[in-house]
Amino acid sequence: MKIFRTDPDRFGIRARLLTLLLPGILGLLALDSWNDYQALRHLVQNAYDQAMLESVTALRASVMVGPDGAFKLNSPDLLQAMFEATGPQRKHLHVGLTPHAPDSVTPGNTASPARTRTLLGEADLPPPPVAPSISSEALTQAPTVWYDSTYRNIPVRVVALQSQVVDGRGQRFDLLIQAAESTAPRDEAHAVTLQQQLWRDVRMVLVVIFLVWLGVTWSLQPLERLRKSVLDSQGQALKPLDTRGVPHEVAPLVEAVNQHVASYRDLLDQQSQFLADASHQLRTPLAIMLTQAGVALREKDPAQLRETLRAIVIQISRSRRLCEQLLSLANASDNAPLESPPEVVDLGTIARDVVLQYLSLAHEKNQDLGWVNATLEEHEDVTGLAISRPPLAVLACGPELHEALANLVHNAIAYTPPGGHITVRVSAEQGRALAEVLDDGPGIAAARRGDVFKRFHQGGRSTEKGRHGAGLGLAIARAYARRNGGDITLADLPAGPADSSSASGQGSPGLRAILSLPLAVS
């Protein structure tokens, strides 16, 4: 028996499910967390930028022309205090005026510090990276520029509001309003947001892992219960697995296992019955031989001693025949391997060989054993040569078909009285090859023909000398026939003048044993 062992290094169902589910779930959570973090970071950035933008907008609104025609700020100290009160320290403002020089203002150039007039704050704030020229038609435009820079070795976020203004004397100036703020509060807010997001994701991952593990474990509980049921039944009678509570995906597998258990249980029952029957059949001849051997040991007459030894030899021959039949019956079981691979063989040739094999035995009993091939139709062409039809080709194991036919012929010889007729006839009918063994010995009633194929059944036919054999011949023949896709049936002899009576004159109906096999497809 071949035993399949599990490989402990291979992934189980739980490991496979977790391997498939967890990476995908973790990937989706990581992507979702990253999107949430970016959204919150953008929200924090906009909140801080909006506060700075409101400050520079308020400064722009406070720039006005004084009575002397020059620009001044309305309540600069109040504006400075309001700006610094909106958040932590390290905030800086700058409001500067530079006389407009259209020809000298190009992107990247800044006005000379000596010509710049600072109205408020630090004049050394980092300038905008690009100073675009402003047309005369857009005097009231105030383009806003956002940029990151460094001020006094501190990273800052800067917003610059640029526009052109005209004082009371008609002179045009470039107005630059800047607000700078340290990026430390933003970074701290981002760090807090990231930390909260990570903690939330870790909790979510742990919950998901727990739920997936719990779901997989719960789903596999029926399989674990089935495993324990199989282990608990070891050493006991085989019984089907309990299918209650089994998921419908696993139910077909459990049903297949139950069918296998049922067939295996039937096989064990058949083997047990076979061993019991074989032991019973062998016990009787062994007891007879033991008794005969004891008689031979006590016998003084040489002639009587030879008769006793001859009886022992006959009994040994019968026991040998019984052992051979038991071996053939074991080999003919459905689970036994074929004696040779199936191949295309000629059923007519096999039947002829069987007849030749048993001719001497039939002659000893004064029986007429013949062979007829109904498929041979000889014709003569213009040259006088014989032409015959193709043989009865069947796809089967030749030795097994030979054994099946041999048992049928041997059974016919055993039950046909001396002077009787036995005919082996082969033919083709409706796509099947037939090998028939016809004898004019005692027949079998139609109601009892199914029982004669059972093992050790001897109640089918009888002669004046009693029963013959152990009742295994027909069982072996049918088993071999069915293993090769055919079957054996019993019928009455076909009506005819030659079959009206047997050689014994008792008007026996005779018997017709038919081996039927499908013809091989050419």
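The protein chain comprises 522 residues, of which 36% are buried. Its secondary structure consists of eight helices and 16 strands. Among the contacts in the chain with a separation of 6 or more, 66% are accounted for by residues 24 or more positions apart.

Confidence was examined along the chain. The average pLDDT of the protein chain is 75, and 73% of the residues score at least 70. Where pLDDT is low, predicted coordinates should not be read in detail.

The packing of helices was considered for two pairs. Helix α1, spanning residues 13–62, packs with helix α3, spanning residues 184–232, at an angle of about 160 degrees, and their axes are 9 Å apart. Because angles over 145 degrees count as roughly antiparallel, α1 and α3 are assigned to that class. The crossing in which α1 passes α3 is right-handed. By class, the residues of this contact comprise 25 nonpolar, six polar and six charged.

The second pair is formed by helix α6 (residues 347–364) and helix α7 (residues 398–415), which pack at an angle of about 40 degrees with an axis separation of 9 Å. This angle makes α6 oblique to α7. The passage of α6 across α7 is again a right-handed crossing. On the α6 side, the contact is made by Leu347, Ile350, Ala351, Asp353, Val354, Gln357, Tyr358, Leu361 and Ala362. The α7 side contributes Gly398, Leu401, His402, Leu405, Ala406, Val409, His410 and Ile413. Taken by class, the residues of the α6 contact with α7 are twelve nonpolar, four polar and one charged.

Isoleucine 514 lies in strand β16, which covers residues 511–518. Its relative accessible area is 12%, and isoleucine 514 is therefore classed as buried. Apart from neighbours within four places in sequence, isoleucine 514 is in contact with Leu434, Ala435 and Glu436, as well as with Asp487, Ile488, Thr489 and Ala491. Isoleucine 514 and leucine 408 are 106 residues apart along the chain, while their C-alpha atoms are separated by 9.1 Å.

Most residues other than glycine have a negative phi. Arginine 152, although not a glycine, has a positive phi of about 55 degrees. This arginine is placed in the loop between β5 (144–151) and β6 (154–166). With a relative accessibility of 54%, arginine 152 counts as exposed. Asparagine 366 also has a positive phi, of about 60 degrees, without being a glycine. Asparagine 366 is found in the loop that lies between α6 and β9 (368–373). The relative accessible area of asparagine 366 is 55%, and the residue is therefore exposed.

Technical notes:
Residues are numbered from 1 along each chain as its sequence is written. This is a predicted model: local features need pLDDT of at least 70, side-chain atom pairs count only at pLDDT 80 or more; totals for chains, interfaces and linings use all residues. Side-chain values use heavy atoms; hydrogens and water are left out. Axes are lines fitted to C-alpha atoms, for helices over the stretch in contact, and angles run from 0 to 180 degrees between N-to-C directions. Helices (H or I, at least four residues) and strands (E, at least two) are DSSP runs, numbered from the N terminus. Angles under 35 degrees count as roughly parallel, over 145 as roughly antiparallel, 65 to 115 as roughly perpendicular and the rest as oblique. A crossing is left-handed if the near helix is turned anticlockwise from the far one by less than a right angle, and right-handed if clockwise. Contact means heavy atoms within 4.5 Å. Ala, Val, Leu, Ile, Met, Phe, Trp, Tyr, Cys and Pro count as nonpolar, Asp, Glu, Lys and Arg as charged, and the others, Gly among them, as polar. pLDDT is the predictor's confidence in each residue, from 0 to 100. Buried means under 20% relative accessible area, exposed over 50%, partly exposed in between (1.4 Å probe, protein chains only).
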